[in-house]
Amino acid sequence: MKTHKNRDMNSSAANSHAGMTMKSKATRSQLLAVTLLTLIALVFGILIAALYGNFTMSARNMQQGSMPQMDMGNQSASGMNAGERSIPGMDMGSQKSPAPVSSLAPTPMSSVTQMNGLVMPPGTIMTADTSMEAMKDMAAVDLTKIAYTAPVDTRGDRTLTPKLENGVKVFNLDVSLIKWNILPDVQVAAYAFNRQIPGPRIRVTEGDRVRIEVKNNLPEPTTVHWHGMILPNNMDGPADITQKPIAPGASYTYEFAVKQAGTYFYHSHKDIDRQQTLGMYGALIVDPKNKPKTLAYDREVVVQIQEWTVKQGYTFPAMPMEGLLPNFFTINGKAYPETETINAKVGEKIRFRFIGSNNAFIHPMHIHGGPFKIVEADGNPVPVAAQIEKDTINVAPGERYDVIWTARNKGKWLLHCHIAHHATNDNVEVKGAGGLTMLVNVT
């Protein structure tokens, strides 16, 4: 009985195992479904490749039996000439003739555009999330709001004479929109102090007490910052930080004691990348209270640097971004050959006061005819032992350098920015130069 029982159990287990094996096999309908899905996936893959791939080998890229865009140089290992055999995506240095000019597509002409009533520069990249405030910052000066055009030959940086009130030197500055000629045939729309570019030169003496009354005739708020000066915080000028912006039509009075001698400047500190870039700056020169009996130089020249972006009669703030890169450059409000010519005699020493009134670019300023000595940096005297001689100095935005150059030989010597583009007028040389260039005529 036990033997039969074991046999029955073994037989039952075998039948059970056989049943399990039979159940694991796929049915015909399942196999058919998998086959259909595989075919559909294959067809879909071919369609995607056909839509987005390129499997053609035309005669254009298969010349002389080569495969596209492969050049093995002078000769292949088998001795064939360059270009006879090639592999896609490889170029080993062959010299291919450029396409004929007549076959090239014409370059599309970009133009100024308008966005929400604002004139935008050609080439500016704007996206859906570009704010209205950002667009206003980049837009052209509104020509309809300009009521004054300066005479073509007007010069900026004219010394401003103060009034004396109870021992205080009082200066008056007004800010407005003007039209200004940087060249006889190139006019810019500008933000200006006292209707000149740069603004008037303020010259005082160490220890003076000064009061500057600023009237805002702009259609927008502004402030004035006294760059590099030691003064009370509420006189420093940054808008919405140390003072409320000066509203259109309103005035603000700055008053402080002058505690330093040296080369400084003043400029807007509201929407600074627009207002200063478009002309709101001027020199602030402070003479030492105790002047040396014998000066180390015979005369001085202030050099204020600025970039301009002028397109199709509109003036935009020059910035290091698409559409706003500068194409004109000025020294004291004029581009060469309209910049001032400096006349000197052999042996004379000239103190050049370089002022980085520019807003966004560095200018390596170079003087021909021999090196100069750096005697002051950012208004601070350089100790005699540290005064080095150079013939080129980088002037970054906000920096000031005072150098003394000696007229060694007769002739016409250039002072210019050594970035070649910055010594052109809209990429063109005029009478041998342009832009940030001055002549020093030594006799």
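User: What makes R351 and E376 a salt bridge?

Analyst: The term is used when a side-chain nitrogen of Lys or Arg lies within 4 Å of a carboxyl oxygen of Asp or Glu. The closest N and O atoms of R351 and E376 are 3.0 Å apart, so the pair meets that cut-off. Through shared partners, salt bridges join R203, D287, E300, R351, R353, E376 and D402 into one network. Strands here are DSSP runs of E with at least two residues, helices are runs of H or I with at least four, and both are numbered from the N terminus.

User: What kind of model is this, and what does it count?

Analyst: The model is predicted: local features need pLDDT of at least 70 and side-chain atom pairs count only at pLDDT 80 or more, while totals for chains, interfaces and linings use all residues. Residues are numbered from 1 along each chain as its sequence is written, and side-chain values use heavy atoms, with hydrogens and water left out.

User: How many helices, strands and salt bridges are there?

Analyst: The protein has 4 helices and 25 strands. The salt bridges number 14.

User: What links K169 to D208?

Analyst: They form a salt bridge whose closest N and O atoms are 2.7 Å apart. K169 lies in strand β5 (residues 168–183) and D208 in the loop between β7 and β8 (209–216), so parts 39 residues apart in sequence are tied together.

User: Which residue meets the side chain of R201 in a salt bridge?

Analyst: The partner of R201 is D157, at 2.6 Å from N to O. R201 belongs to strand β7 and D157 to the loop between β3 (148–149) and β4 (163–165), 44 residues apart. R201 and D157 are both buried.

User: What makes β17 and β19 partners of β23?

Analyst: Two strands pair if DSSP finds at least two bridges between them. Strand β17 (residues 349–355) has 7 bridges to β23 and strand β19 (residues 372–377) has 5, so both count as partners. Both pairings are antiparallel. F354 stands opposite Y401, and E376 stands opposite D402.

User: Why are β16 and β22 said to stand at the edges of their sheet?

Analyst: The open sheet has 5 strands in the order β16-β25-β24-β18-β22, with mixed pairing. β16 (341–344) and β22 (392–395) each have a single partner strand, so one side of each has no neighbour in the sheet. The partner of β16 is β25 (residues 437–442), joined by 4 bridges and running parallel. In this pairing I342 stands opposite V440.

User: What makes L32, L36, L39, L42 and I46 a nonpolar patch?

Analyst: Patch residues have over 30% relative accessible area and no salt bridge; nonpolar side chains (Val, Leu, Ile, Met, Phe, Trp, Tyr) are joined within 5 Å, like charges within 9 Å. These five residues make a nonpolar surface patch of about 510 Å², with areas from the Shrake-Rupley method and a 1.4 Å probe, and only the protein chains shown counting as cover for residues. L32 has 54%, so L32 is exposed. L32 lies in helix α2 (residues 28–52).

Key: Buried means under 20% relative accessible area, exposed over 50%, partly exposed in between (1.4 Å probe, protein chains only).
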